[in-house]
Amino acid sequence: ATYASSVMPAIDITASTSSCTELDTSTSLAITDSCYECCITIDSLTEYERWALLYTVNENLVEQVVPDLTEALGLAPTYIAYASADDVVEDSNCADLSYPRICRLNLIAPDREITTDFYVSMAMDTTTDISTFRLSYRLGFHWFGIAFSADQENPSSMVGYSLVYNAGITISDQAAARVEEFTLTGTGSAAVETQSTQNLNGETQNSVDGIFTVEFTRALNTGEADDFVFVGNETMLNMFAAVDTSVSPTTPVIRNHGPSSVPATDFLLVPDPSTHGTYWCTDFAVGD
């Protein structure tokens with residue numbers, strides 16, 4: 001069976017019974033039925049994808065996972081327990097972020113003309129009420145950005161609060177290169193409005209091996225009516241994104257709903273470690 005969600009690629013966890021090995025329980029009087037260990041290969045997954053996989057399995061445990069295991073093993077499972085997992089190698093790109101909630105989420109979308117890695121990291125520190133963003137894209141761009149749906153329950157219109165790095169060569173803004181706050185009100189460049197009050201701080205930029213990264217901070221709640229409000233305990237956010245793919249340096253404009261955009265999608269956030277302990281899994285018990 002293949003398990004997938006809107007936040008990660010499909011992963012086949014019970015393609016055949018070879019993924020499940022029957023354990024020798026003859027020495028244990030407490031176990032009278034057959035016991036299987038089923039393994040999922042996760043060594044190629046990022047931290048974000050590992051969390052998304054666990055979330056997806058949990059969400060589909062009763063409706064899909066149990067029936068699929070029944071079919072694969074020829075037995076109806078009576079008890080499922082999470083055993084162990086390989087150590088997660090900490091991503092150095094997020095190690096210095098306070099309370100990272102999204103680490104190096106890749107928004108690459110070749111079918112949407114985003115053919116180069118586009119990384120997004122986000123942290124929420126509820127002790128200081130500060131959010132930190134780190135966006136990375138290839139050199140040679142004109143602009144790239146992410147946005148948060150104004151209506152998180154009905155995000156298909158793709159309007160809302162946007163954070164865009166502008167290299168300073170778009171028609172709409174010939175100012176120095178920087179990241180800015182925008183309000184997206186509809187389709188096209190005319191619906192992209194630069195906010196009169198900017199609430200971003202501590203911007204830094206660097207380029208390594210052809211990849212440009214900009215980092216900046218913002219209050220979780222700026223108090224501005226047009227700004228998206230982050231609470232700090234969110235488990236999911238609806239975001240969309242876009243990049244510039246213009247070949248002419250004299251004609252690019254920042255626009256919404258263009259061909260080189262990622263449609264509004266729900267993205268999981270790793271639980272806040274300030275409320276879930278040092279490791280998020282320590283607060284979960286078998287059966288939760």
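Buried, in what follows, means under 20% relative accessible area, exposed means over 50%, and partly exposed is in between, with a 1.4 Å probe and protein chains only. This is a predicted model: local features need pLDDT of at least 70, side-chain atom pairs count only at pLDDT 80 or more, and totals for chains, interfaces and linings use all residues. Residues are numbered from 1 along each chain as its sequence is written, and side-chain values use heavy atoms, with hydrogens and water left out.

I'll start with the sheets. Strands here are DSSP runs of E with at least two residues, numbered from the N terminus. Two of them pair if DSSP finds at least two bridges between them.

Strand 8 and strand 14 run antiparallel and are joined by five bridges. F148 has M239 in strand 14 as its bridge partner. Strand 14 is in turn joined to strand 15 by six bridges, again antiparallel. In that pairing A241 has V262 of strand 15 as its partner.

How much of strand 14 is buried? Seven of its eight residues are, so that strand is mostly covered.

P155 sits in the loop between strand 8 and strand 9, and is buried, with a relative accessible area of 16%. P155 and M239 are 84 residues apart in sequence, while their C-alpha atoms are 8.5 Å apart in space.

Strand 15 itself spans residues 261–268 and contains T265. Why does T265 count as buried? Because its relative accessibility is 16%. A polar atom of the T265 side chain lies 2.9 Å from the backbone oxygen of P263. For a polar contact, the pair must be N or O atoms within 3.5 Å; within protein, one must be able to donate a hydrogen and the other to accept it, and residues adjacent in sequence count only if both atoms are side-chain atoms.

Next, the cavity. The term means a set of points, on a 1 Å grid over the protein atoms alone, where a 1.4 Å probe fits but cannot get out; lining residues have an atom within 4 Å of a point. Grid points are joined across faces, edges and corners, and a volume is the space filled by probe spheres set on the points.

The structure holds one cavity of 30 Å³ or more. The largest cavity contains about 110 Å³ of space. Its lining has 16 residues, and those nearest its centre are S162, L184, A242, R255 and N256.

Which strand gives the most to the lining of the largest cavity? Strand 8 does, with four residues. Strand 8 (143–149), strand 9 (160–166) and strand 14 (236–243) each supply at least two. By type, the lining divides into 11 nonpolar residues, four polar and one charged. Nonpolar covers Ala, Val, Leu, Ile, Met, Phe, Trp, Tyr, Cys and Pro; charged covers Asp, Glu, Lys and Arg; the others, Gly among them, are polar.

An open sheet of five strands runs in the order 5-6-7-13-12, with antiparallel pairing. Strand 5 and strand 12 are the edge strands, each pairing on one side only. Here the twist averages 10° from one strand to the next. Strand 7, residues 130–138, pairs with strand 13 over nine bridges, in the antiparallel sense. S131 stands opposite R218 of strand 13.

Last, two backbone angles. E113 is not a glycine, yet has a positive phi of about 70°. E113 lies in the loop between strand 5 (100–106) and strand 6 (119–125), and counts as partly exposed because its relative accessibility is 41%. D209, also other than glycine, has a positive phi near 55°. D209 is in the loop between strand 12 (201–208) and strand 13 (211–219), and at 77% relative accessibility D209 counts as exposed.

Note on methods:
1 Å grid on protein atoms, 1.4 Å probe; cavity = no way out; pocket = protein on both sides within 12 Å on 5 of 7 lines; lining within 4 Å. Axes fitted to C-alpha atoms, helices over the stretch in contact; angles between N-to-C directions.
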